[in-house]
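Welcome! Take a moment to look over the sequence and the 3D view, then read on for a short tour.

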Amino acid sequence: MTAVHVPGTPLIEAGRLVSTSPATGAEAGRLPVATEADVRAAVDRARPAADWWAGLGFAGRRDRLQRWRGVLARRIEELAELMHTEGGKPVGDAVVEILTALEHIDWAARNARRVLGPRRVRSRLILAEFTGHLEYQPYGVVGVIGPWNYPVFTPIGSAAYALAAGNAVVFKPSEYTPAVGQWLVDRFAEVVPEQPVFQAVHGLGDVGAALCRSGVAKLAFTGSTATAKKVMAACAETLTPVLLEAGGKDAMIVDADADLDAAAEAAVWGGLTNAGQTCIGIERVYAVDQVFDAFVDKVVAKAGRLTVGADGTDLGPITMPSQIDVIRRHIDDAVARGGRAVLGGPEAVQPPYVHPTVLVDVPEDSAAVREETFGPTLTVNRVRDVDEAVERANALPYGLGGSVFGRARAVAVARRMRSGMASVNSALTFAGMSTLPFGGTGESGFGRIHGEDGLREFGRPKAVTRRRARSLLPAMTFERTPADVARLVKVAKLMYGRGR
């Protein structure tokens, strides 16, 4: 019996990866599936391309990256429609995603020289006869494995910064959104036709594994925690450094002095945008007792107005069909264990869609609280105060982002959250701020994209010292005398002997 193809599920036919819409089954693209040899060949082609690209210097790369940014901006509607077709993302959400990616391309191109270029570093008295210089040199070829939920914003957060730093990039898009990934690469080739500086390789998980073992100098991965561990293990075979952005189960804390209308709006947006398929999405909310009931009422009212469907709606389909089973399991488990669905519930799961679901009084050890749901669901639980909220928010091994609503204590509470990022009186805003680093801790991964840290992530620090005078305190030489050693001892006591 021939298996029935589920729309949106990757399909390989005659050596081609066929991508289809999860909503309609319409074909979005056919891309050649790369073999292990193909992946290695792409990396081999990228090495001389990387040398050429680095040779353009910061100014030359800035010009090309800004031209690429311009092409993407001028064709934003085309790209947004492709994202809508291939992944089901509403066109409006796709436009916002592209706009944010454009900001990151622009910032990385404009700031690479300032952050990574050669600069003098002051020396200390003990080596006053030397000057110090620091620069960040490109790795060469960087591998990027991208996700399907944000197929433009997320990989560009690695690729644009790696390119600005002087690296070539070999990009493995998700098998659920390969056409979008190839579109980005093709547009780059329009402004950089001379060398294969930015290439794509397509296929399933084995192609990603091949990229890990292909000889890239560094690899950046975004995806689930389970896959991140496999990527890290594969890269460890050759001591290839990795940057990992893995899963999340981000929490929002609502304090007693919060603006409840703003908090409810942010919770609905942060939890349900992109049909909840957001690594930094709000999946858990902890509201203090005094405002819990009023907050839940406002969340339900706002979430209940959202529309669901293929076109012109607030929420599109679940992009990865297998995730529907996870979402269904989490909702069923929460209800079976005493949680209440004040909006949606088990009947909200209507493949390929899931309608907004708000669950309250959900046990903290339930799957809906402890595991990444990646669907349009929110668990909202009552806490006696923000201390209990912080304790619950920090109880999971994840630590990607988070949000706090309040006035007097909000910033202090945000600092206490065990996360790489936090928004105060907003949600997800740190993702769009190109000047800030983006990344997590714990099982949410390590390393940073975006901002100055994101640029430095794709450059090797190179330290250089240069003698500028004769040594008054010769230390690093066999020519030193007992008298020199005595002076070194005296200097050590004078400089470092005091207790403070």
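A cavity is a set of grid points where a 1.4 Å probe fits but cannot get out. With that in mind, note that this is a predicted model. A search of the whole structure turns up six cavities of 30 Å³ or more.

**The largest cavity**
- Its volume is about 90 Å³.
- Among the 14 residues lining the largest cavity, R284, A393, Y398, G401 and R418 are the closest to its centre.
- Sorted by class, this lining of the largest cavity has six nonpolar, four polar and four charged residues.

**The second largest cavity**
- The second largest cavity holds about 60 Å³ of space.
- You can trace its lining through M83, G87, K89, W148, N149, P151, T177, N274 and T319.
- That lining of the second largest cavity divides into three nonpolar, five polar and one charged residue.

**A buried threonine**
- T278 sits in the loop between α9 (260-272) and β12 (282-288).
- With a relative accessible area of 3%, T278 is buried, because buried means under 20%.
- Leaving aside neighbours within four places in sequence, T278 is in contact with N149, Y150, T273 and F374.

**Two packed helices**
- The axes of helix α2 (residues 57-74) and helix α5 (residues 153-164) come within 9 Å and cross at roughly 150 degrees.
- Angles over 145 degrees count as roughly antiparallel, so α2 is roughly antiparallel to α5.
- On the α2 side, the contact is made by F58, R61, L65, W68 and L72, while α5 brings I156, A160, L163 and A164.
- The residues of this contact of α2 with α5 comprise eight nonpolar, no polar and one charged.

Notes. Residues are numbered from 1 along each chain as its sequence is written. This is a predicted model: local features need pLDDT of at least 70, side-chain atom pairs count only at pLDDT 80 or more; totals for chains, interfaces and linings use all residues. Side-chain values use heavy atoms; hydrogens and water are left out. Axes are lines fitted to C-alpha atoms, for helices over the stretch in contact, and angles run from 0 to 180 degrees between N-to-C directions. Helices (H or I, at least four residues) and strands (E, at least two) are DSSP runs, numbered from the N terminus. Angles under 35 degrees count as roughly parallel, over 145 as roughly antiparallel, 65 to 115 as roughly perpendicular and the rest as oblique. Contact means heavy atoms within 4.5 Å. Ala, Val, Leu, Ile, Met, Phe, Trp, Tyr, Cys and Pro count as nonpolar, Asp, Glu, Lys and Arg as charged, and the others, Gly among them, as polar. Buried means under 20% relative accessible area, exposed over 50%, partly exposed in between (1.4 Å probe, protein chains only). On a 1 Å grid over the protein atoms alone, a cavity is a set of points where a 1.4 Å probe fits but cannot get out, and a pocket is an open set with protein on both sides within 12 Å along at least five of seven lines; lining residues have an atom within 4 Å of a point. Grid points are joined across faces, edges and corners, and a volume is the space filled by probe spheres set on the points.
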